[in-house]
Amino acid sequence: MENIADPLSRLLPTVNSVSSSVPGLEGTVTLDEMRSETALDQILQQVIVAVGKRLADWPESLSVYRNIRNELSFDDDLGLLIRKDERMIVPHSLRPRVLN
């Protein structure tokens with residue numbers, strides 16, 4: 001199973017932006033963009049609900065995140081889904097930009 005969080009989650013929050021620690025990645029995504037795109041991402045919104053309610057049985061639509069569910073947390077202050085070690089889950093709409 002593909003773990004989409006691994007290469008995409010190496011983003012660390014800074015004061016005004018999220019920058020990648022992956023060598024050669026030149027894209028920068030602001031925290032505001034991460035917040036707004038996370039709010040628009042239906043899958044991430046379902047994950048946030050599942051994490052918040054500590055659901056034991058996750059729907060099939062969230063199967064990509066099911067195996068790492070115990071490592072996921074939601075930060076109300078940031079308004080972002082965050083993975084273990086402060087690495088963020090990048091919303092689907094921003095992935096091409098972050099990866100290019």
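The largest nonpolar core of this protein has twelve residues: L44, V47, I48, A50, V51, W58, L62, Y65, I68, L72, L81 and I89. Helix 3, which spans residues 42-53, is the main contributor to this core, supplying five residues. The model described here is predicted. The protein contains five helices and six strands, and 37% of its 100 residues count as buried.

**Nonpolar cores**

- In soluble globular proteins, nonpolar side chains tend to be buried together.
- The core of twelve residues includes W58, Y65 and I89.
- Another core, of ten residues, lies apart from it, and L31, L80, V90 and L94 are among its members.
- A50 belongs to the largest core; beyond its neighbours within four places in sequence, A50 is in contact with L55, W58 and L62.

**Packing of helix 2 against helix 3**

- Two packed helices are described by the angle between their axes and the distance between the axes.
- Helix 2, residues 31-40, packs against helix 3 at an angle of about 85 degrees, and the two axes are 5 Å apart.
- Helix 2 is therefore roughly perpendicular to helix 3, since angles of 65 to 115 degrees fall in that class.
- On the side of helix 2, the contact is formed by T38, A39 and L40, while helix 3 contributes Q42, L44, Q45 and I48.
- Sorted by class, this contact comprises four nonpolar residues, three polar residues and no charged residues.

**The two faces of helix 2**

- The residues L31, M34 and T38 of helix 2 are buried.
- These residues lie on the same side of helix 2, because they cover an arc of only 55 degrees around its axis.
- An α-helix has 3.6 residues a turn, so residues three or four places apart point the same way.
- D32, A39 and L40 are exposed residues on the face of helix 2 that is turned away from its buried side.

- R54 is not a glycine, yet its phi is positive, at about 50 degrees.
- This residue is located in the loop between helix 3 and helix 4, the latter covering residues 63-66.
- R54 counts as exposed because its relative accessible area is 75%, and the cut-off for exposed is over 50%.

**Overall arrangement**

- Of the contacts between residues at least 6 apart in sequence, 50% join residues at least 24 apart.

Key. Residues are numbered from 1 along each chain as its sequence is written. This is a predicted model: local features need pLDDT of at least 70, side-chain atom pairs count only at pLDDT 80 or more; totals for chains, interfaces and linings use all residues. Side-chain values use heavy atoms; hydrogens and water are left out. A nonpolar core is a set of buried Ala, Val, Leu, Ile, Met, Phe, Trp, Tyr and Cys residues joined through side-chain atoms within 4.5 Å. Buried means under 20% relative accessible area, exposed over 50%, partly exposed in between (1.4 Å probe, protein chains only). Helices (H or I, at least four residues) and strands (E, at least two) are DSSP runs, numbered from the N terminus. Contact means heavy atoms within 4.5 Å. Axes are lines fitted to C-alpha atoms, for helices over the stretch in contact, and angles run from 0 to 180 degrees between N-to-C directions. Angles under 35 degrees count as roughly parallel, over 145 as roughly antiparallel, 65 to 115 as roughly perpendicular and the rest as oblique. Ala, Val, Leu, Ile, Met, Phe, Trp, Tyr, Cys and Pro count as nonpolar, Asp, Glu, Lys and Arg as charged, and the others, Gly among them, as polar. The arc is that of the directions from the helix axis to the C-beta atoms.
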